[in-house]
Every structure is written in structure tokens, then in C-alpha cells.
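Let's take a walk through this structure together, one region at a time. Keep the 3D view open so that you can follow along.

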Amino acid sequence: SSAEYAGLEASIKAEGCRDAIVYWIAPGIVLDGHNRTEICERLNIPLKTTGKDFADRLEAMIWIRQNQAGRRHLTYDQRAMNASALAELLGEHAKRERAILAVNTREVKAGRKTPILEANAVSKIGAPKEKSRANAAKTAGVSERKVRQASHVRHAAPDLAEKVTAGKISLKAAEKEIGKREKAAVQASIPDNLPSITERYRLC
């Protein structure tokens, strides 16, 4: 929020950049500390930085989500939204790693080598993780039910998901609004000129 940004700027003016800016080494992309970077560069205050190495963008995104899970100022619903996105990333990562391992296994059995695939199989994130939703929920400190609820909102109504992520509305309010939209869509699909039922019909 604007108030939080102003507080961060005041803190940096008074104490300097206490926390290091985290960036992805190869492309030099900032992963954590965008606001601190902007403030320090604008005020000409020295930056502290620390670099991390990842195999690709997917692993960098997983790190970002895992790092966000530790933010104490986030609400329970905001942590659930982050965990939902993390679960999808972990699932994608596990699927990719399984595919890589399968290809390597076939190549080894055929007596061939696949140096590129073998290099990619050594992941900075770790071994393929099953139960991605459970892992993400545990990392964020929320229930799996909340993660499922967050996933539903993210896919059914991205605009409402953004509001939940920003802390403007709750997950419960978002799901209620989704229900209203679905009901309205069904009602809108019913023709206005349906014939009236005037006769009696046996039901059994």
C-alpha cells in the first residue's frame, strides 16, 4: 500500500538498505526487493545485493512464491492465494522432472547419452515433488481446503483473485460473488418466451 511504501522509504532514509536485494544471477533480474531497489536508486543510497542461481524461469518463480510464503504481513487468504500459485508451479516442475528422468532412462537403456537432459535433471529446487498442493499449503501455513478454494477463485474469476491477493476482499466474498455470476449466467441463458405448462404429468 502507499502507507507501507512511505514507511519503507522513511526506514531506508534513516537506516539505509538493511535487507539485501535478491537477484537472479544469469539474467540479472531482481527477484525480491523491487521497491527497495527503486527507492535506493532514486535517493542514491547504496544497495546490498545477493545473487541466486536457477536452472530456468520456472525455478526462479518457485523461489519467489516460496519466499512470499514467509511474509508475516500477509493475511490468511493472501497466503492461500500464494500457495495456490505455488502448488501449480510445483506441479509443473514435478511433471517436467519426471519427463526428463523418463527420457534419460530410455537413453541409458539404449546405450546413448543425453548431456543436456542430464544437466537439466539436476534441479536447484530438489527432487520431483508429489502432492504439490499439500507441500504448498504446508509452506504457506494454510489448510489444503483454503488452497483449493483459492485455486477455484484464481481460475473462475481472475479479477476477483487479484482483489483477494491485494487484500481488498476475502476468499469467502470472492466465492460468493462467483456464485452470483454463475447464477446470473444461467438465468440469462433461459429464453424469455418459454411456453407455460398447463397440463398435469405423472412423475412416476
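Ser 132 counts as buried, because its relative accessibility is 12% and the cut-off for buried is under 20%. You will find Ser 132 in helix H6. Once its neighbours within four places in sequence are set aside, the contacts of Ser 132 are Ala 87, Leu 90 and Gly 91. Please keep in mind, here and below, that this is a predicted model.

Now stay with H6 and look at the helix it packs against. H6 covers residues 132-140 and H7 covers residues 144-156, and their axes lie 9 Å apart at an angle of about 110°. The two helices are therefore roughly perpendicular to each other, since angles of 65 to 115 degrees fall in that class. On the H6 side, the residues that take part are Arg 133, Ala 134 and Ala 137, and they meet Glu 144, Val 147 and Arg 148 of H7. Sorted by class, this contact has three nonpolar and three charged residues, with no polar ones.

Of its 204 residues, 31% count as buried. If you take the contacts with a separation of 6 or more, 65% of them are between residues 24 or more positions apart.

Next, turn to helix H2. Its buried residues are Arg 36, Thr 37, Ile 39 and Cys 40. Among the elements that cover these residues of H2 are H1, strand E1 (21-24) and E2. Just after H2 comes Asn 44, which takes a positive phi of about 60°. Asn 44 has its positive phi although it is not a glycine. Asn 44 sits in the loop between H2 and strand E3 (49-52). Is Asn 44 buried or exposed? Its relative accessibility is 69%, so Asn 44 counts as exposed.

Finally, have a look at the largest pocket. It holds about 1,200 Å³ of space. Its lining is made of 34 residues, and those nearest its centre are Glu 4, Asn 35, Gln 68, Arg 71 and His 73. Which elements supply at least two residues of the lining each? They are helix H1 (2-15), strand E2 (29-32), helix H2 (34-43), helix H3 (57-68), helix H4 (76-109) and helix H8 (158-165). H1 gives the largest share, with five residues. By class, the lining has 12 nonpolar, 12 polar and 10 charged residues.

Terms used. Residues are numbered from 1 along each chain as its sequence is written. This is a predicted model: local features need pLDDT of at least 70, side-chain atom pairs count only at pLDDT 80 or more; totals for chains, interfaces and linings use all residues. Side-chain values use heavy atoms; hydrogens and water are left out. On a 1 Å grid over the protein atoms alone, a cavity is a set of points where a 1.4 Å probe fits but cannot get out, and a pocket is an open set with protein on both sides within 12 Å along at least five of seven lines; lining residues have an atom within 4 Å of a point. Grid points are joined across faces, edges and corners, and a volume is the space filled by probe spheres set on the points. Helices (H or I, at least four residues) and strands (E, at least two) are DSSP runs, numbered from the N terminus. Ala, Val, Leu, Ile, Met, Phe, Trp, Tyr, Cys and Pro count as nonpolar, Asp, Glu, Lys and Arg as charged, and the others, Gly among them, as polar. Axes are lines fitted to C-alpha atoms, for helices over the stretch in contact, and angles run from 0 to 180 degrees between N-to-C directions. Angles under 35 degrees count as roughly parallel, over 145 as roughly antiparallel, 65 to 115 as roughly perpendicular and the rest as oblique. Contact means heavy atoms within 4.5 Å. Buried means under 20% relative accessible area, exposed over 50%, partly exposed in between (1.4 Å probe, protein chains only).
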